[in-house]
Amino acid sequence: MRRLLAFALTALCGAAADAASADLPGLLSAEDAAFVAPLLAAPGAQAPANRVLTDMRAGLALFRAGRLAGAEALLADAQSIIDTIYANNPQAQQARSNFIPEKTKDFKGDPYERAMVGYYLGVIDLIHGAYDNARASFRYALLQDGMSASETYQSDMPLMQYLVGWTYWCEGSGSSAAEEFKLAEQMSPGLTAPRPGQTQITLIETGRAPRKVASGE
């Protein structure tokens, strides 16, 4: 049976800066480009260094409006740029070894921000029933959540792990789903696997995004 997804969105991803890159409208339909025109025309819109940020902000605005094709186009563009530094391959690892985020003008996002790109792409794929692609996007989110400029840490976003399990659940792969749900429950004991016959998951975003605080010298 086709699994369905319902969702409610109430918060932005937490990025805050000027908008970016004048050629982004070329990725969108005329209607979607008009919808996010204020974001694309904001101060700093001509700055290529802000392209990922604008992809994130405009992509989320389109997603929240149900304009999934445009959202997917912009978020996929952000992912491709992020991967120049934060992919899981030797070339990106070498780039990270010489990359200090605080000293570069190009915005690539903090780990949780990059993870949210994978999250929204995964949700779009779930809506379309593309479970393999959704699973890859949620695994991408797990990877980004645990990756800093020069080091890799254990991811701590149980929702992403749970949604990996949900993609298997939707495909009827019960054993694989159970393994992923167990990992998610280990991260957050309040999570439980879906009941037999459950075909819908509701995702509700609440609260604030993570924030940085000064510590030590």
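1. Let's start with threonine 167, which sits in helix α8 (residues 158–171). Helices here are DSSP runs of H or I, at least four residues, and strands are runs of E, at least two, numbered from the N terminus. This is a predicted model, where local features need pLDDT of at least 70 and side-chain atom pairs pLDDT 80 or more, while totals for chains, interfaces and linings use all residues. Residues are numbered from 1 along each chain as its sequence is written, and side-chain values use heavy atoms, without hydrogens or water.

2. Is threonine 167 buried or exposed? Threonine 167 counts as buried because its relative accessibility is 0%; the cut-off for buried is under 20% relative accessible area (1.4 Å probe, protein chains only).

3. Next, the neighbours. Leaving out residues up to four places away in sequence, threonine 167 touches Leu126, Tyr131, Ala134, Arg135 and Phe138, where contact means heavy atoms within 4.5 Å. A polar atom of its side chain also lies 2.5 Å from the backbone oxygen of valine 164.

4. Now look at helix α4 (residues 68–86): its 19 residues span 25 Å from first C-alpha to last, close to the expected 27 Å. That expected span is 1.5 Å times one less than the number of residues. Its buried residues include Leu68, Leu74, Ile82 and Tyr86.

5. How far to trust it? The chain's mean pLDDT (the predictor's confidence in each residue, from 0 to 100) is 81. Confidence is highest in α8, at 96, and lowest in strand β1 (residues 4–8), at a mean of 42.

Conventions
Buried means under 20% relative accessible area, exposed over 50%, partly exposed in between (1.4 Å probe, protein chains only). A polar contact is a pair of N or O atoms within 3.5 Å; within protein, one must be able to donate a hydrogen and the other to accept it, and residues adjacent in sequence count only if both atoms are side-chain atoms.
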